[in-house]
Amino acid sequence: YTVMILADGMGHGINANVVATMCCSRILELLRRGFSLRRAFINLVKTLHENKGKDLPYAVFTVVRILNDGNTTVLSYEMPGPILVGNKHGSVLKQRILYLGNDKIGEATCFLVPGESIMVFSDGVTQAGMGLSMRNGWEVEGVNQFINDCFNDRMELPQIPSEILRKVKELCGDINADDA
């Protein structure tokens, strides 16, 4: 299987980077020690939940596990939902939402075939334009529509991530205000 982790450390600069790196290291170590994906995820979520609102390291994160047969699980803690990209089309994956206190946990599953991808991103993408050109920011549905517009413009998948970043910067008034 393949595991991918996207972590967003709260704050900015070196501190945020260290917290995000610690988050990734912790979940990878739990997986190496034989924890199931869900058990490792919940273990880390509980720790971070206890740190939230205190002057302790805090991060939000998404974990993607793709089994060799294509079965895919996406678990997210306070992060935007994933987008399934394949056959020149993107679609927001439906998530089962759970809450730990006020903290949002999402779970999505799908089956990937060769040529399909999972796109995950931080709230720096989905909140682009918030308070400027868009009331609630770009949101996952807006990112998905942009991906589909890129495909309609005959853009290839490898070009789309940089186009998303260009659009985020444009929506933010040409200022990189967050972690996109």
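The model is predicted, with local features requiring pLDDT of at least 70 and side-chain atom pairs counted only at pLDDT 80 or more, whereas totals for chains, interfaces and linings use all residues. Residues are numbered from 1 along each chain as its sequence is written, and side-chain values use heavy atoms, with hydrogens and water left out.

The chain contains 5 helices and 8 strands, assigned as DSSP runs (helices, H or I, at least four residues; strands, E, at least two) and numbered from the N terminus. Along the sequence these elements follow the pattern β-α-α-β-β-β-β-β-β-β-α-α-α. The radius of gyration is 16 Å, close to the 16 Å given by the globule rule for 180 residues, so the chain is as compact as a globular protein of that length; the radius is taken over C-alpha atoms, and the rule is 2.2 Å times the number of residues to the power 0.38.

Helix α2 comprises residues 37-51. Within α2, Leu-37, Ala-40, Phe-41, Leu-44, Val-45, Leu-48 and Asn-51 are buried. These residues fall within an arc of 130° seen down the helix axis, so they line one face of α2; the arc is that of the directions from the axis to the C-beta atoms. The cover of this buried set includes α1 (13-32), β2 (59-66), β3 (71-77), β6 (96-100) and β7 (103-111), with contact meaning heavy atoms within 4.5 Å. On the other side of α2, Arg-39 and Glu-50 are exposed. Just after the helix, Gly-53 adopts a positive phi of about 85°.

Methods:
Expected span 1.5 Å × (residues − 1). Buried < 20%, exposed > 50% of the residue type's maximum accessible area, 1.4 Å probe, protein only.
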